[in-house]
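Here are some quick notes to read alongside the model. Have it open while you go through the points.

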Amino acid sequence: MWTDGACKGNPGPGGWGVLIRWDGVVKELYGGEASTTNNRMELMAVIEGLRALKRPCAVRLHVDSVYVMNGMQSWIHGWKRNGWRTAGKKPVKNAELWRELDTEVSRHSITWVWVKGHAGDPGNERADELANLGVASVRS
């Protein structure tokens, strides 16, 4: 699975895209919001991609978002321990999406793979195109 988010303005119209490849089958998903942020769209891409899986799966999840990677691999443990507050005692931004993502991740066995965005990874490039279709869907 490859996921990506896009935003035209930050905040502004945004979109998310997901490319799923499994056993010769390809599934593409995208959506958008009229007023959002890039970070929210990065989170939504992963949430919607994992939500699309009908049963628990082993997922090799490619993301180009350091925000999502760090959040899921490092920060979320402290946030949960601190009642969804940061180390600085401030409310976690996008906490409702982080909670949704945590729920979706718990259903699967995830291998997180960071890829550099816009660097030629075909799956990431397609997820980016889908995210931009998501932006276009709310701008028209």
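Predicted model: local features only at pLDDT ≥ 70, side-chain atom pairs only at ≥ 80, totals over all residues.

1. α3 runs over residues 95–106, 12 residues in total, and spans 16 Å from first C-alpha to last, close to the 16 Å expected at 1.5 Å a residue.

2. Now the packing of α2 on α3. Two packed helices are described by the angle between their axes and the distance between the axes. Here the axes come within 11 Å and cross at roughly 100 degrees. That angle falls in the 65 to 115 range, so α2 and α3 count as roughly perpendicular to each other. On the α2 side the contact is made by Tyr67, Val68, Gly71, Met72, Ile76, Trp79 and Lys80, while α3 brings Trp98, Leu101, Asp102 and Val105. Sorted by class, this contact has eight nonpolar, one polar and two charged residues.

3. Which residues touch the most other members of the largest nonpolar core? They are Leu50, Trp98, Leu101 and Trp112, out of 33 residues in that core. At least two residues each come from β2 (12–22), α1, β4 (58–63), α2, α3 and β5, and α1 gives the most, with seven. As general background, nonpolar side chains tend to be buried together in soluble globular proteins.

4. Leu50 is worth a click. Setting aside residues up to four places away in sequence, Leu50 touches Met1, Val59, Leu101, Glu104, Val105, Arg107, His108 and Ile110.

5. Last, Thr3, which lies in strand β1 (residues 2–7). Is Thr3 buried or exposed? Its relative accessibility is 1%, so Thr3 counts as buried, the cut-off being under 20%. Beyond its neighbours within four places in sequence, Thr3 is in contact with Gly17, Val18, Ala45, Val46, Leu61, His62, Val63, Asp64, Asn124 and Ala127. Thr3 and Gly117 are 114 residues apart in sequence, yet 11 Å apart in space, C-alpha to C-alpha.

Key: Residues numbered from 1 in each chain as written. Heavy atoms only, no water. Helix = DSSP H or I, 4+ residues; strand = E, 2+ residues; numbered from the N terminus. Expected span 1.5 Å × (residues − 1). Buried < 20%, exposed > 50% of the residue type's maximum accessible area, 1.4 Å probe, protein only. Contact = heavy atoms within 4.5 Å. Axes fitted to C-alpha atoms, helices over the stretch in contact; angles between N-to-C directions. Parallel < 35°, antiparallel > 145°, perpendicular 65-115°, else oblique. Nonpolar A, V, L, I, M, F, W, Y, C, P; charged D, E, K, R; others polar. Core = buried A, V, L, I, M, F, W, Y, C linked by side-chain atoms within 4.5 Å.
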